[in-house]
Amino acid sequence: MSENRPDKKRKKQPISDRRRFILNMARGIGLATMGGFIWSAYVDEVTASTLILRPPGALKEEDFLATCIKCGMCVEACPYDTLLLAKPGDHKPIGTPYFIPREIPCYMCPDIPCVPVCPTGALDQASVTNQETNELDINIAEMGLAVIDDESCIAFWGIQCDACYRACPLLDKAIKLQYDKNARTGKHAFLKPIVHADVCTGCGLCEKACVTEKAAIFVLPREVAMGKAGTHYIKGWDKKDEKRLEEASQIKTTTKISENSALDSLNDIGDLY
Ligand code: SF4
Ligand code: SF4
């Protein structure tokens, strides 16, 4: 899948002593919070950021927090050390797994080893299982959504850069390059990266690859990054909305239709001025 993965031999390396120590400490603190609050854990819980990226298949944040037992199995299963368990001072619910794409993104393992090991279903296998093949499919994971700050993305200035586009494991699907003419110079072109929310998994390989000092493309949790149009809008051209369109056409309105023609109404308005 991704050509941008670090050396695969990492997979065979035993977990390092330092990492095991940190993992055990985070686990211990996670368990301590279950028995009774310690002050630092309490402070971290109340100041917890909403900008937390969870492993693939994670339930919605509220359900995830209620289901995850902070065992660290997912962290241990990750061959790239992507996943971390929150410690005091991380401003995240203590003992829960998360990742920081700018440091280590998710390398989108085809067998998603972090998910089946979860003993509680906090990482939901069904949500990353392809309905047609009945196999795990990392391409349908929704860890987050990449967003672009077009003020700091140099491609939007007209400088040629396709670092994020090339780094994306779903090449030319999750990020596409949009060609625009540069009206300022009249002879150059912009090749602007555009993220497609229906394909982007939020793995963060683009954020890791971004060449600017602070990444101009970065992953946010989907509920933070996305708006919501509301259920009363229907996309008549979208296959997914076909059923809703059919149902909507059966709804009878009791609102009396105006007996005036549209032109009469406009003339009435005109008379007011
Ligand atoms: S899918 Fe991502 S988070 Fe899960 S084990 Fe692979 S690299 Fe780690
Ligand atoms: S394996 Fe599941 S229960 Fe254990 S820390 Fe990871 S998400 Fe939580």
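The model is predicted, with local features needing pLDDT of at least 70 and side-chain atom pairs counting only at pLDDT 80 or more, while totals for chains, interfaces and linings use all residues. Residues are numbered from 1 along each chain as its sequence is written, and chains are lettered from A and ligands numbered from 1 in the order in which they are written.

Of its 273 residues, 30% count as buried, that is, with 20 or more other C-beta atoms, placed from the backbone, within 10 Å of their own.

Next select ligand 1, which 15 residues surround (each with its C-beta atom, placed from the backbone, within 6 Å); the closest are Cys78, Cys106, Tyr107, Cys109 and Cys114. By class, this shell has 14 nonpolar, one polar and no charged residues, where Ala, Val, Leu, Ile, Met, Phe, Trp, Tyr, Cys and Pro count as nonpolar, Asp, Glu, Lys and Arg as charged, and the others, Gly among them, as polar.

Move on to ligand 2, surrounded by 14 residues, of which Cys68, Cys71, Met73, Cys74 and Cys118 are the closest; the shell here has eleven nonpolar, two polar and one charged residues.

Finally, select residues 175-182 (strand E4) and 188-195 (strand E5), which run antiparallel and are joined by eight bridges (pairing requires at least two DSSP bridges). Glutamine 178 stands opposite lysine 192 in E5, and in this hairpin, with five residues between the strands, glycine 186 takes a positive phi near 75°.

How values were computed
A residue is buried if 20 or more other C-beta atoms lie within 10 Å of its own, exposed if 12 or fewer, and partly exposed in between; C-beta atoms are placed from the backbone. Helices (H or I, at least four residues) and strands (E, at least two) are DSSP runs, numbered from the N terminus.
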